[in-house]
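This report is for a reader meeting the structure for the first time. Please look over the sequence and the model before reading on.

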Amino acid sequence: MTGLLTVGGLALGAGSAQATERPPFVDCAGWGARPPSRPLTVHQRRPVRILVHHTATPNGNDPSPQAAAGFAQSVQSFHMDQRGWADTGQHFTISRSGFVMEGRHRSLELLDGGKAVVEGSHCTGQNVVAIGIENEGTYSTVDPPAALWDRLRQTCAFICARYGINPHEIAGHRDFKNTACPGDRLYGLLPVLRDEVAGLLGRRVEGKGAARASWPLLRAGDTGPNVLAAQLLLRAAGIAEAAPTGRFDPATDRAVRAFQARTAAEEVNGLLGGESWPVLATAATRNPGAPDVREAVRVLVEARPGPVPAEPDLPTWQCLLGTGGTQPDPVVDPPR
């Protein structure tokens, strides 16, 4: 078949990348950004994915450009003055009314060039290899408004086209950290986003193709086989506080925090997510014959009938936990 453009391993219709509509970006000067507090680092490489975040702020209803600019200014001030970062952490910010603003300085210039990226501060280990997009609001129990969703889709498609990113590599913050970001509702919509972005680029990734292997997020109040398996694996790792009840109770919270502290997780917060699950599963993989590990496998296979793996690797653990799919690109930030 001729006349195809390959972008990130995805065959696109001829000219589709060039035809992807450029969003009406507001650059840093346009929303009144402060200058960075210190020089920013530019890497002469293309990122391989997009990370979707939410700002976990109120879901306001002011549709004006002034409100969007004020919001971008407040995010930058928080990141610089409270977090101590050199500039806004993410590369782009989308307001609830659909304004898409450059976040970190030089993000837009380098995106237009398509060959380099400015290092962000939005997710440790993903600040070079991933473009971070913050979406204004909190999307734990509500969906993003249509204006924001449409602009997010358009922005992701443009970024994928410029950098050659496979739409399958649109991920959520929680895929890499112990966090609820970008909220349960927005995270649950990411397969739809991947499909719609691919559609703008001339290709569909619906169904199994849109399923991206991930780790479940477990937290206080959760119940079920995944919680029970986590309790057993924590016990196998030497954290004996949590009884294997299948309920994420205060004792389980303490056990998760103890494991996070022991393994130097970025935050000790009791959320078992994309940062701590691989560490916990790796420990289990190294000792597949341990009684608690075998019991965790039995519990998960009973919940989701299938073959019993003798020595499960990380992708197998993800499938056992019900979050299997196409494995993401394993690339991470270069060492500092």
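Left-handed here means that the near helix is turned anticlockwise from the far one by less than a right angle, while clockwise is right-handed. Helices (H or I, at least four residues) and strands (E, at least two) are DSSP runs, numbered from the N terminus. The model is predicted, so local features need pLDDT of at least 70 and side-chain atom pairs count only at pLDDT 80 or more, whereas totals for chains, interfaces and linings use all residues. Residues are numbered from 1 along each chain as its sequence is written, and side-chain values use heavy atoms, with hydrogens and water left out.

The axes of α7 (residues 225-236) and α9 lie 10 Å apart, at an angle of about 60 degrees. That makes α7 oblique to α9. Angles under 35 degrees count as roughly parallel, over 145 as roughly antiparallel, 65 to 115 as roughly perpendicular and the rest as oblique. Axes are lines fitted to C-alpha atoms, for helices over the stretch in contact, and angles run from 0 to 180 degrees between N-to-C directions. On the α7 side, Asn226, Ala230, Leu233 and Leu234 meet Trp277, Leu280 and Ala284 of α9. Contact means heavy atoms within 4.5 Å.

## α7 and its surroundings

Helix α7 has twelve residues. From first C-alpha to last it reaches 16 Å, close to the 16 Å expected at 1.5 Å a residue. The expected span is 1.5 Å times one less than the number of residues. Which residues of α7 are buried? They are Asn226, Val227, Ala229, Ala230, Gln231, Leu232, Leu233 and Leu234. Buried means under 20% relative accessible area, exposed over 50%, and partly exposed in between (1.4 Å probe, protein chains only). Their cover includes α8, α9, α10 (291-303) and α11 (314-320). Just after α7, Gly238 has a positive phi of about 95 degrees.

Helix α10 packs against α7 at about 170 degrees, with the axes 8 Å apart. That makes α7 roughly antiparallel to α10. The α7 residues in this contact include Pro225, Leu228, Arg235 and Ala236. From α10 come Asp292, Val293, Glu295, Ala296, Val299, Leu300 and Ala303.

Helix α4 covers residues 146-163. Its 18 residues should span 26 Å at 1.5 Å a residue, and its end C-alpha atoms are 26 Å apart, which agrees. Among its buried residues are Leu148, Trp149, Leu152, Phe158, Ile159 and Tyr163.

Helix α6 (residues 190-200) packs on α4 at about 60 degrees, with axes 9 Å apart. The two helices are therefore oblique to each other. Their crossing is right-handed. Trp149, Leu152, Arg153, Gln154, Cys156, Ala157 and Cys160 of α4 make the contact with Val192, Leu193, Glu196, Val197 and Leu200 of α6.

The peptide bond from Cys181 to Pro182 is cis, with omega near 10 degrees. Pro182 sits in the loop between β9 (170-172) and α5 (184-188). Which side chain reaches the backbone oxygen of Pro182? That of His54 does, at 3.2 Å. This is a polar contact: a pair of N or O atoms within 3.5 Å, where within protein one must be able to donate a hydrogen and the other to accept it, and residues adjacent in sequence count only if both atoms are side-chain atoms.

His54 lies in strand β4. At 9% relative accessibility, His54 is buried. Not counting residues up to four places away in sequence, His54 touches residues including Glu134, Tyr139, Cys181 and Gly183.

## Asp184

Asp184 is in helix α5. Its relative accessible area is 31%, so Asp184 is partly exposed. The side chains of Asp184 and Arg219 form a polar contact of 2.9 Å. Beyond four places in sequence, Asp184 is also in contact with Tyr139, Ser140 and Arg174. Asp184 and Asp195 are eleven residues apart in sequence and 18 Å apart in space, C-alpha to C-alpha.

## Two alanines with positive phi

Ala56 is in the loop between β4 (49-54) and α2 (65-82). Its phi is near 55 degrees, a positive value in a residue other than glycine. With a relative accessible area of 52%, Ala56 is exposed.

Ala264 lies in the loop between α8 (250-262) and α9 (276-285). Its phi is positive, about 60 degrees, although Ala264 is not a glycine. Ala264 counts as exposed, at 63% relative accessibility.
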